[in-house]
Amino acid sequence: MAQSAELLSLSPPGWGGNLLRGLSHSLQIAFGAYALGLVIGLFGAYGKLYGGKVTRDLLAIYTTVIRAVPELVLILILYYVGSDIINKISAAMGGGRVEVSGVGAGIWVLGIVQGAYATEVLRGAIQAVPPGQIEAAKSFGMPAFMTMRRVTIPAMMSFAVPGLANLWLIATKDTALLAVVGFNELTLETRQAASSTRAYFTFFLAAGFLYLMVTLFSGGIFARIEKWARRGQPSLKGGSR
Amino acid sequence: MNVKKLLASGLAAAIFSAGVVSAEEVKIGIAAEPYPPFASLDSSGTWVGWEIDVINAVCAAAELDCVITPVAWDGIIPSLTGQQIDAIMASMSITEERLKTIDFSDPYYNTPAVIVADKSMDIEATPESLAGKVVGIQASTIHQAYAQEYFKDSELRVYQTQDEANQDLFAGRIDATQADSIAMADFVNSDAGACCEIKGAVADDPVILGRGVGAGVRKGQDDLLEALNKGIAAILADGTHEKITSNYFSASIY
Amino acid sequence: MIDFKSLMQPHRIVMMLIFTGIVIWCAVSLQWDWIPKYGPLALQGIWTTIWLLVVTVVLGFLLAVPLGLAQAVGPWYLAAPAKAFCTIIRGTPLLLQLWLLYYGLGSLFPQFPWIRSSELWPYLRQAWPYAVLALTLSYAGYEGEVMRGAFKGVAKGQLEAAKSFGMPRLTMFRRIWLPQAIRNVLPTLGGETILQLKATPLVATITVVDIYAVSSRVRSDTFIIYEPLLLLAVFYILVAGVIALGFHWLEVKVLGTGRRNGSFG
């Protein structure tokens with residue numbers, strides 16, 4: 001026990017500092033990917049609902065493919081193909097090599113994956129908004145963008161929050177997969193610490209504890225957001241599902 | 001709205017950060033997984049080891065501005081060809097197969113491949129002795145290529161890192177592992193490796209096992225290749241290589 | 001489901017032509033000569049992936065029923081551990097769980113020398129039992145949470161009616177409660193099973209040779225990067241499609257109605 005405490009202490013020779021640095025990288029990537037995913041998701045949802053035929057079909061392909069292929073495979077494809085493409089575009093425009101930072105690459109790879117799920121969550125939420133509310137806004141001559149900002153988004157929030165909370169948890173856990181392409185996020189830092197000290201059990205348990213804390217903490221925050229988003233609405237409880 | 005703008009620009013900055021790299025900076029790719037005593041992460045988060053010292057010495061001698069960049073071993077060649085790194089200095093042996101895809105500098109160390117197994121096991125480093133045994137190897141290494149060619153009657157288990165293979169040897173899940181002699185000497189002298197001993201070197205096959213460890217560069221990067229060769233020659237000539245080696249090992253590994 | 005007529009719209013024909021063009025371009029200009037050599041290995045890998053998926057989904061679901069039941073109606077000393085289990089499984093990455101089970105437990109073995117002479121040792125030496133265990137627990141954790149809602153969703157009146165007829169509790173559970181709960185979860189099971197399929201490649205990191213591991217092997221042997229990954233993606237899309245269709249068929253058969261759109265969830 002005392003040995004484990006020493007291994008996990010925050011300053012060297014303990015490895016606690018490394019784990020926390022990994023956690024901070026994981027959270028940065030998760031935040032970024034989540035934000036990017038929401039932006040993609042919002043455009044995707046609008047495209048799927050109000051876009052032209054081609055847009056809708058392309059978006060259907062995007063969400064179907066992304067949701068059918070394992071994240072691990074997508075990460076490898078996007079990671080290798082992505083930096084290749086960026087560099088080729090840069091070279092074609094006469095620029096030099098563009099360096100994609102580790103955190104940046106993680107964000108855009110996971111962001112594209114998150115975007116597909118967010119598209120579906122937000123599409124469902126927008127569809128759940130009573131059409132009369134949006135029509136009323138239109139009949140007052142409200143511009144489309146303002147309708148989206150003032151009416152659709154606030155009204156759909158209560159329907160979207162549970163799905164979005166779930167997505168955030170997926171984002172935090174998916175960052176672990178980036179260990180396979182060598183990002184020093186929490187899981188890789190844990191593995192490095194474990195193999196340097198041979199204390200596999202201690203470090204994997206410690207990392208599991210950190211992930212669990214993130215989950216529980218964000219669960220509490222999302223419960224508050226949900227309560228706030230549902231203010232002034234009749235309770236949704238009581239439905240069978 | 002300001003918050004959103006800030007978020008958006010922060011996001012964009014994170015994704016396209018650093019922009020175009022300065023011409024002189026050379027990213028030296030090493031394996032992100034620890035490979036003691038050549039390269040491993042210490043508890044303060046810095047990379048240490050024989051190869052790290054050599055990288056720094058070579059770069060200093062060749063007057064290159066090097067940045068050590070860890071990437072996953074399994075994807076280190078794609079990372080090089082995909083321009084995420086400029087050179088590989090990760091104990092990568094120079095083999096015919098790899099030379100089809102990338103170029104190599106002159107070798108900077110050379111050690112034989114050995115078989116390690118439990119002390120109580122009566123195993124020799126021959127295909128006959130290993131027949132029917134479970135042999136662990138690291139993915140994308142010369143050892144994997146060698147085992148697939150010669151140990152056809154053994155059950156092969158492929159690990160992402162040598163460290164995991166060592167861990168399973170220690171746990172008793174595999175009977176033996178094939179790896180580099182220096183890395184294994186370090187392992188059997190550690191507490192975890194006390195179970196095991198080096199059973200001997202495998203029969204050499206220069207086509208598969210290569211001719212020593214060199215720095216890998218993209219094809220066509222002749223300037224960088226020349227600079228690295230100059231640096232390697234310089235540290236071999238002025239005794240720096242020997243000095244670094246004596247800090248870690250008792251005998252020369254060139 | 002997609003019918004022939006809906007595919008014959010002009011923009012879809014153009015898109016299909018473009019897609020065919022891409023496929024032909026891939027077939028001609030990418031490198032595929034490695035396929036014959038790795039074909040047999042790939043078939044083994046596919047087999048490993050499929051049986052891992054089927055076995056862990058079935059075992060996981062069997063475990064999820066008591067987990068859901070304990071949380072829905074169990075006394076606190078059963079409900080609390082069941083809830084804790086589901087929270088821990090859902091709150092940590094599967095990759096970490098897998099490594100904890102495989103390397104974490106493995107690192108403890110040498111402290112107990114008798115393990116090596118026990119009857120379980122031949123299994124403990126292999127990698128696949130850990131893969132099955134981790135994937136089963138993961139599916140049980142996610143599905144246990146779903147089953148909790150499903151058990152709670154069964155209308156009280158039905159249970160009360162059965163009780164008033166004097167039906168024994170076990171029969172009531174078998175005849176009314178469980179079938180109703182399974183009906184409730186059926187629409188989500190397809191999606192959860194596809195999620196499980198997408199979790200299987202993680203077992204490659206503990207030396208199980210599934211189809212993902214085979215593609216890694218091709219990459220490390222030949223340095224061909226994109227082609228094996230592309231084929232791999234196509235394989236997973238096909239299997240996910242089969243799962244979606246299978247559950248759609250099951251829904252139609254069991255519920256009499258299916259969701260109109262056969263989208264993956």
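Guide: Let us begin with pairing: two strands pair if DSSP finds at least two bridges between them. The model before us is a predicted one.

Visitor: What makes five strands of chain B an open sheet, and in which order do they stand?

Guide: The order is E9-E8-E10-E7-E11 in chain B, with mixed pairing, and the sheet is open. Strand E9 (155–159) and strand E11 (196–201) of chain B are its edge strands, as each of them pairs on one side only. On average, neighbouring strands of this sheet are turned by 30° against each other, direction ignored.

Visitor: How do you know that strand E7 of chain B pairs with E11(B)?

Guide: At least two bridges are needed for a pair. Strand E7 (residues 113–118) of chain B and E11(B) are joined by five bridges, in the antiparallel sense. The two strands therefore count as paired. Within this pair, Val116(B) has Ile198(B) of E11(B) opposite.

Visitor: Which strands does helix H6 of chain B touch as it packs on the sheet?

Guide: Helix H6 (residues 142–150) of chain B touches E7, strand E8 (134–138), E9 and strand E10 (176–180) of chain B. Its direction makes about 145° with that of E8(B). Helix H7 (residues 162–171) of chain B also packs on the sheet, touching E7, E8, E9, E10 and E11 of chain B. The direction of H7(B) makes about 155° with that of E8(B).

Visitor: Why is chain B called as compact as a globular protein of its length?

Guide: The globule rule gives 18 Å for 254 residues, and the radius of gyration of chain B is 20 Å; the two values are close, so the chain is as compact as a globular protein of that length. In secondary structure, chain B has 11 helices and 12 strands. Its C-alpha atoms fill a box of roughly 70 × 50 × 35 Å along the principal axes. Of the 254 residues in chain B, 48% are buried.

Visitor: What is the secondary structure of chain A?

Guide: Chain A has nine helices and zero strands, and its pattern along the sequence reads α-α-α-α-α-α-α-α-α. The C-alpha trace of chain A spans about 70 × 55 × 30 Å along its principal axes.

Visitor: How do you know that the span of helix H4 of chain A agrees with its number of residues?

Guide: At 1.5 Å a residue, the 22 residues of H4(A) (residues 71–92) should span 32 Å, and the end C-alpha atoms are 30 Å apart, which agrees. After this helix comes Gly94(A), whose phi is positive, near 85°.

Visitor: What makes a residue of H4(A) buried, and which residues are these?

Guide: A residue is buried if 20 or more other C-beta atoms lie within 10 Å of its own. In H4(A) the buried residues include Leu72(A), Ile75(A), Tyr79(A), Ser83(A) and Ile86(A). Across chain A, buried residues make up 45% of the 241 residues.

Visitor: How many residues of chain A are in contact with chain C?

Guide: There are 34, and they are in contact with 33 residues of chain C. Helix H3 (53–68), H4 and helix H9 (200–229) of chain A each supply at least two residues of this side. H9(A) gives the most, with 10 residues.

Visitor: What kinds of residue make up the side of chain A that touches chain C?

Guide: That side divides into 22 nonpolar, five polar and seven charged residues.

Terms used. Residues are numbered from 1 along each chain as its sequence is written. Chains are lettered from A and ligands numbered from 1 in the order in which they are written. This is a predicted model: local features need pLDDT of at least 70, side-chain atom pairs count only at pLDDT 80 or more; totals for chains, interfaces and linings use all residues. Helices (H or I, at least four residues) and strands (E, at least two) are DSSP runs, numbered from the N terminus. The expected span of a helix is 1.5 Å times one less than its number of residues. A residue is buried if 20 or more other C-beta atoms lie within 10 Å of its own, exposed if 12 or fewer, and partly exposed in between; C-beta atoms are placed from the backbone. Two residues are in contact if their C-beta atoms, placed from the backbone, lie within 7 Å. Ala, Val, Leu, Ile, Met, Phe, Trp, Tyr, Cys and Pro count as nonpolar, Asp, Glu, Lys and Arg as charged, and the others, Gly among them, as polar. The radius of gyration is taken over C-alpha atoms; the globule rule is 2.2 Å times the number of residues to the power 0.38. Axes are lines fitted to C-alpha atoms, for helices over the stretch in contact, and angles run from 0 to 180 degrees between N-to-C directions.
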